[in-house]
Each structure stands twice: as C-alpha cells, then as structure tokens.
Amino acid sequence: MSKFKTPIVILNFKTYLESSGNNALKLAKALEIASDESGINMVATPQAADIYRIKDETRIPILAQHIDNVNPGGHTGSNLLECLKEAGIDGSLINHSEKRMTLADIDSTITKLRNNDLFSVVCTNNVNTSEAIANFDPNFIAVEPPELIGTGISVSQAEPEVVEGTVRKVKSINKNIKVLCGAGISTGDDMKAALDLGAEGVLLASGIILSESPEKVLLELVSKM
Ligand code: G3P
C-alpha cells in the first residue's frame, strides 16, 4: 500500500500533447522530483503507449487511464490488463467520465485488478454513484463533477457538498475505501480544502499539465497541508 499511501496526488495525463510521448516522460520526472521533495505520494497516469518508458526511467507509481474488460485473445484495439501489468502499471483508473464503463464492467475490472495485486481507482460523478460503487470494494473512489473538469473551478471550493457527501456515504459502507476528489484542482488552497472536507487526496490534470512549470505547481499544490 505504501506507493498509494495517503494523502496522495494522482496526475491524469489524459491526451494533452503536453503530457504525451517525450513530454509524458518529462512530466513523470517532474512528479518524481516534487514527490521526493515534498514527501507526498504522487502518481502518474500516462497513456498506454508511454507506460513502459516511464516505468523504465522513473520510480514513480503508475496507473493506466483505462482497462478494457476483455480476456486475452481476439480483441483488437483493447487495453489488456495482463499487458499493461507487464509494461509496469501499479493499478488503473476505472470509469473516468471521459471513458465511462457499464456497472458490470466496473465490477469485473475491480475484481481483476485485485486478483492481480493492482490498485483500483474508480471515478464517479456524484454522491449517489460513489455510494453505488463503494459496494464493489475498490481501493479508491475519486469523485469528479464532470461539469467542472478542465474549467479551473475547483470542486473542493465550488461544490464542497459533493466531496463531503461522498466521503460520508462511502465510509458508511466501507471505511477502508479511500476517497479522492477531482475537477478544477490546481492550487494549495484547493488541495487543503479537499483534505479539510475529508478527502484523502486529489485527482487532477490540466492545472498541472498546461502550466509553465509542473514541478513548481505541484510543490505549491502540497504546500498547505
Ligand atoms: O482525472 C482528472 C480530471 O478529470 C480533472 O481534470 O483538468 O479539471 O484537473 P482537471
């Protein structure tokens, strides 16, 4: 669990050019430096094609952005868990709002990750879906109101009731599940507000990826904890 000890910062690289290919490696190195300097666990979530190189050249924990619920065999174009594991992932995001999955696929993917000693971070869009997903026993639930994603308006400041409500409901079902929040988070105040609401970390993207100096912004992000 130590790679995913909370408080934690998970950076979703998405498909920005600033976080793809060579830039993905640079960003992963910036995460590694910020994590070493601050002592806060930071996790890279690159595109599948960048996983192996980041694993090879850094010590940063790695999540996949998505896993397809398929078994080895004929599934052209799919992200196979077994292949991503060999490439170096420590776990995966599941059901990001930009890559929604069915309930059945979410359940089955959480189970497959668990059986492979990998971490599951399931994204949800509100308190009710967080409550439903808690019954599947993932390691993390990350609540992200879709309308705030990429806006720079922080969920922890603009919709604190979503974070607080998710923490309350999820913990009432299974207190071992860690709750994160995401959408619009980029500053130390956003992160502090998230932790004050009971979240155990954040999932974020554009505020870091599109900044002039990701390393500097990451250090500011964790400076008020
Ligand atoms: O997965 C993180 C995410 O969806 C939040 O994106 O750009 O609002 O930090 P952003």
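Predicted model: local features only at pLDDT ≥ 70, side-chain atom pairs only at ≥ 80, totals over all residues.
## The shell around the ligand

## Polar contacts and cover

Which residues bring polar atoms up to oxygen atoms of the ligand? Among them is Gly150, where a polar backbone atom is 2.7 Å from a ligand oxygen. Gly184 also takes part through its backbone, with an N or O atom lying 2.8 Å from an oxygen atom of the ligand. Asn12 uses its side chain instead: a polar atom there lies 3.1 Å from a ligand oxygen.

On its own, the ligand has 300 Å² of accessible area, and the protein covers 99% of that. As for where to look, the ligand sits in the second largest pocket.

## Cysteines

If you are wondering about disulfides, the count comes to 0 with a cut-off of 2.5 Å between cysteine sulfur atoms. Take Cys123 as an example: the nearest cysteine sulfur belongs to Cys181 and is 12 Å away, and Cys123 is in no disulfide.

Is Cys123 buried or exposed? Cys123 has a relative accessible area of 1%, so this residue counts as buried, the cut-off being under 20%.

Definitions and conventions: Residues numbered from 1 in each chain as written. Heavy atoms only, no water. Buried < 20%, exposed > 50% of the residue type's maximum accessible area, 1.4 Å probe, protein only. Polar contact = N/O pair within 3.5 Å; in protein donor to acceptor, adjacent residues only side chain to side chain. Areas by Shrake-Rupley, 256 points an atom, 1.4 Å probe, with all protein chains shown as cover. 1 Å grid on protein atoms, 1.4 Å probe; cavity = no way out; pocket = protein on both sides within 12 Å on 5 of 7 lines; lining within 4 Å. Sits in = over half its atoms within 2 Å of the grid points.
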